[in-house]
Amino acid sequence: MPSAGTSKILVMDSSYGNTGGYLIYWQRWNNPCASAISCGQITTGFIGTAADPPFLRYYSFNASANDSVTIRATKTSGTLTPYLGLYNASGAQIGTGAGQLDKALTASGIYTVVIRDQNSINTGEYLLTWLKVNDPCSVTPS
């Protein structure tokens, strides 16, 4: 957004000829509403196709410049094909990947991981984790 204040969202059919229900989902990328996930932590979630459960999930983690990270998502049920997006502290997308994303980070800060279905139509449960490759974190088996 170029400045603080009120913004408007216009919703319309791309051909201007159809009607129907819709879902608006808003998220800021530079200071997201996200669940924090620690290095080596395994978290679970569900991807849906509506507002509840939502079709996108957001997680954040803190990393240092020159960290090399691997982020993995694995389907545990349903027809979901986990797809990951990684955003830096400024909100710029810096990587994507189906199931796994490997990235060398250039700056310290809070990073955001977005998980969704690769085709945005399937649902299911998943496991998500991230690890530092260059400075491994301690992982306690559960």
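**Labels and the values behind them**

Analyst: Happy to! Searching the whole structure turns up one disulfide. This is a predicted model, in which local features need pLDDT of at least 70 and side-chain atom pairs count only at pLDDT 80 or more, while totals for chains, interfaces and linings use all residues. Residues are numbered from 1 along each chain as its sequence is written, and side-chain values use heavy atoms, leaving out hydrogens and water.

User: What makes Cys39 and Cys137 a disulfide?

Analyst: Their sulfur atoms are 2.1 Å apart, and a disulfide is a pair of cysteine sulfur atoms within 2.5 Å, so the pair qualifies. Cys39 lies in the loop between strand 1 (35-36) and strand 2 (43-47), and Cys137 in the segment after strand 9 (124-132), so the bond ties together parts 98 residues apart in sequence. Strands here are DSSP runs (E, at least two residues), numbered from the N terminus.

User: Why is this disulfide called left-handed?

Analyst: The torsion about the S-S bond of Cys39 and Cys137 is about -75°, so the disulfide is left-handed.

User: How do you know whether Cys39 is buried or exposed?

Analyst: Buried means under 20% relative accessible area, exposed over 50%, partly exposed in between (1.4 Å probe, protein chains only). Cys39 has 17%, so Cys39 counts as buried.

User: And what about Thr43, buried or exposed?

Analyst: Thr43, found in strand 2, has a relative accessible area of 16%, so Thr43 is buried too. Not counting residues up to four places away in sequence, Thr43 touches Ile37, Tyr59, Tyr126, Leu127 and Leu128; contact means heavy atoms within 4.5 Å.

Notes. Helix = DSSP H or I, 4+ residues; strand = E, 2+ residues; numbered from the N terminus.
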